[in-house]
Amino acid sequence: MTVVTPQEAPVADVPKSSGTRLVDRVFKMRELAILVVFLVMIAVTQAGNSQFLSEQGIKDLLLNATILVLVATGQSLVVITRNVDLSVGSTLGISAFAAGTYLQGGGNPVVAIALAVLLGIGFGLLNGLLVSLGQVPALVVTLGTLYIIRGIDSIWVGSSQITAADLPGGFVDFGSGGISAVPYLALIALAVLIATAYYLKHFASGRELYALGSNPEAARLAGIPVRKRILAAYTFCGALAGLAGAMYLARFGNVDSGTGTGYELTVVSAVVVGGVVFTGGSGSVYGAALGALLLTSINSVLPALGVSSVWVLAINGILLILAIAVDRVVALRVASALKKRNARHG
Amino acid sequence: MTHPSTTGPAPVLALKDVSKSFGAVRALRDVSLELFPGEVHALAGENGAGKSTLIKALAGVHRPDAGQVLLDGAPVTFHGPGDARDAGIAVIYQEPTLFPDLSIAENIYMGRQPRRALGRIDHKATHNATAALMERLGVELDPDRPARGLSIADQQIVEIAKALSFDARVLIMDEPTAALTGSEVARLFGVVRTLREQGAAVLFISHRLEEIFEICRRVTTLRDGALVGSEPLEGMTEDDLVRRMVGRDLDELYPKQEVTPGEVALSVRRLTREGVFTDVSFDVRHGEIVGLAGLVGAGRTEVARAVFGIDRWDAGEVTVDGKALVNGAPSTAMSAGLALVPEDRRAQGLVMDMSIERNIGLTGLRTTVKAGLMDRGAERSRSLDWAVKLQVKYARIADTVNTLSGGNQQKVVLAKWLATGPRVLIVDEPTRGIDVGTKAEVHRLLSQLAADGVAVLMISSDLPEILGMADRVLVMHEGRLTAEIPRSDATEETVMAAATGRAAA
């Protein structure tokens, strides 16, 4: 039998490369779609209420999104590995209180932030160890740590609370200040976001997070240190939750034992709306950040349009289901498109 | 063992008197094998002969209990697949293990990406290296394309490219052609020949004998975990090879009783599920065992699933004893007297953590209910009854099924479905991965059932089993029924010809 490769090659070539373009386009479109929805929403609101995009309006929009963007960035890394961290809300709460308690006694703001991050790293390590070594589903483990951390927080905080009056003035000013319409906090979040995205794209260990979320068994066969990577993802997620706690303190100045309760679900929604696939291996932190921006903006948009804010939660839910439905439809379409191509020359 | 000195160089990789046991099962007994550079070596043997255990010993997945693995003549110990890979051994499994979300280039270089300053990945170098590999293999695959959606054939090419990327000297291919079409096989063989000329040692496993003769130079045959021989293929006929592989009295393993078929029990007419199988029509009569042969991926299991109602069909009709079945409704299929023993008993046939008694009882939940509550006593006696009839070997009926051997698990699945008193029984790969003794028992049981008037449709990739047990053989190829061969005309050649899509001789 003669080798048929040369005559077969051109047949395989044409449909394959257009298949690639299709898939590429769809995945790039995913982030673009959220951005478009976001911009349309802002434009419509601005048209209905010209005060909406004032300098203060933009600043509020960004400030509201900042904390969610940070936590969603960390959560994305965990979700990419086909896991989830439900304890981020509790970690945020306890870190904020720890930083606040330290500052109450007249501490250094930088040390306070470091303290919050270290606390977050500690809880992240705990989650990571339980998930990677215990071989227990992440959903259950982090639901457990969610309650444990919240429990510790409640015992520690009791009925006391920290208010802005207890904090150094500079710290609170930093929390609400900025360069014209761009808050300092948003700049920090943006820096973290860009660094994380760069890491995920350009470093081997970053790509390995995608690999092990995409096919854990293949990852093991490829010699990827699976446990170490999962541990690292959780630690990073915890660190950002801790940092977000410090930022929460700076922004609101008000922390009690309930701070961050239920936040994990908002974070997971933002990540999923942003196109990070819940079954791992796909999505970007930029998408997650856009998802966070979109969800928090709805909070500001509805009042600006005169709609009662009781609708916010329902609309978040609809967005979430819409996002998943779109992903599913797109996945099916891509699959059938590729199948048809394969069938045509198969 | 003597080898012809025609190959010249010393073996790259060899096994010497290797044994491996799993519990009481001796999977390999004193097996030796030598792989030479620039040579394609075939590994032949029936299912369960120990081929996959041998591969795993070479690949560092299993460590031999006794004997040695020799690399360039020196004994080595592989502590894991990573060690074997570092030694230049690449294994391509039947089901490739890729990252669907990542690009082809990333799949190939995952964990070993070319770097630039500060440890960052050099994406351009990765892309170029992958493009070079694809060119070397003579295939047109875009390195930036995600692996999701690649055909099995292209996925295997990616696996081969991965092997090339770390300069594998030994390439082990476990049934790489099982799911490939004719032209894809030709392309794969082109690649294998190129590798051979570049000096790689290739170990090739295939159930298609003509492929072994086409591409291999020598063959090592295993039977029941022991070495039958290692010899040149030149001058050997397919019959010689089959005799070495089977080597036992077929009548004993396949106790087929002669029966006169009765009325049509299961009738399938022009059944189509778009993109999966097309225009499939056949009958199975009471008392008859009909074999359904074909390559992996030909659509046999899918037809069975559609007939039973697990998947919906797009067109066609299925009747049991003249009564039409409802599309996509397993419960009506069951009440019409249809039973399906699935292919993957661990995932589909059994609840592994449940007891034997409750597993058998699952199909009887409708009948062993009293006033809406489970009648545990009735369930137990029904289960015990069937476990005894099928001679399931267990300590207590309340033991979980994962404590049983593969063969006994298969008997539990059979018991579960026989307990429904089926008129039509569909069995999918009924003896895959079970030992010869239990295999003969399962065959005797199927034969007995047919003699009692049950219509049996048996899907099997085990050709001797099909030839030994079936009154008629249906053959599928790429989603279509390509042949119906009566027992008297069914041979390895006629069935394989239809299964690979060539016209019957």
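Which side chains meet in a salt bridge at 2.9 Å, N to O? They are the side chains of Glu288(B) and Arg472(B), a salt bridge being a side-chain nitrogen of Lys or Arg within 4 Å of a carboxyl oxygen of Asp or Glu. Glu288(B) lies in the loop between strand E12 (277-285) and strand E13 (289-294) of chain B, and Arg472(B) lies in strand E21 (residues 472-477) of chain B, so the pair ties together parts that are 184 residues apart in sequence.

This is a predicted model, in which local features need pLDDT of at least 70 and side-chain atom pairs count only at pLDDT 80 or more, while totals for chains, interfaces and linings use all residues. Residues are numbered from 1 along each chain as its sequence is written, chains are lettered from A and ligands numbered from 1 in the order in which they are written, and side-chain values use heavy atoms, with hydrogens and water left out.

**Salt bridges**

Over all chains, the count comes to 25 salt bridges.

| Glu231(B) | Arg244(B) | 2.8 Å |

Burial is judged by relative accessible area: buried means under 20%, exposed over 50%, and partly exposed in between (1.4 Å probe, protein chains only). Glu288(B) is buried, with a relative accessible area of 4%, and Arg472(B) also counts as buried, at 15%. Glu429(B) is buried at 5%, and Arg300(B) is buried at 5%. The pair formed by these last two residues links distant parts of the chain, with Glu429(B) in the loop between strand E19 (424-428) and helix H16 (436-451) of chain B and Arg300(B) in helix H10 (residues 300-308) of chain B, 129 residues apart. Through salt bridges that share partners, Glu288(B), Arg472(B) and Glu484(B) are joined into one network. Arg244(B), by contrast, is partly exposed, with a relative accessible area of 25%.

The helices and strands named here are DSSP runs, numbered from the N terminus (helices H or I, at least four residues; strands E, at least two).

**The interface of chain A and chain B**

The size of an interface is often given as the accessible area lost when the parts come together. Chain A and chain B bury about 2900 Å² between them, 59% of it on carbon and sulfur atoms; this buried area is the accessible area (1.4 Å probe) that the two parts lose on being put together, summed over both. The contact, meaning heavy atoms within 4.5 Å, takes 31 residues from chain A and 35 residues from chain B.

One salt bridge is counted between the two chains. In this salt bridge Glu106(B) is paired with Arg207(A), and the closest N and O atoms are 2.5 Å apart. On the side of chain A that touches chain B, the elements that give two or more residues are helix H1 (5-48), helix H7 (184-202), helix H8 (204-214), helix H9 (216-221) and helix H13 (312-345) of chain A. The largest share of this side, seven residues, comes from H1(A).

**Nonpolar cores**

A nonpolar core is a set of buried Ala, Val, Leu, Ile, Met, Phe, Trp, Tyr and Cys residues joined through side-chain atoms within 4.5 Å. The largest such core has 76 residues, of which Leu70(A), Ile224(A) and Phe99(B) touch the most other members. Helix H2 (residues 55-80) of chain A gives the largest share of this core, 13 residues. Apart from it lies another core, of 64 residues, among them Val284(B), Phe308(B), Val412(B) and Leu457(B).

When neighbours within four places in sequence are left aside, the contacts of Ile224(A) include Glu208(A), Leu212(A), Phe99(B) and Met110(B).

**Chain A**

Chain A has 13 helices and two strands, and 49% of its 346 residues count as buried. Two loop residues of this chain may be set side by side. Gly275(A) is placed in the loop between helix H11 (263-273) and helix H12 (285-304) of chain A, and counts as buried at 9% relative accessibility. Beyond its neighbours within four places in sequence, Gly275(A) is in contact with Arg30(A), Ser282(A) and Gly283(A). Ser50(A) lies in the loop between H1 and H2 of chain A, and counts as exposed at 55% relative accessibility.
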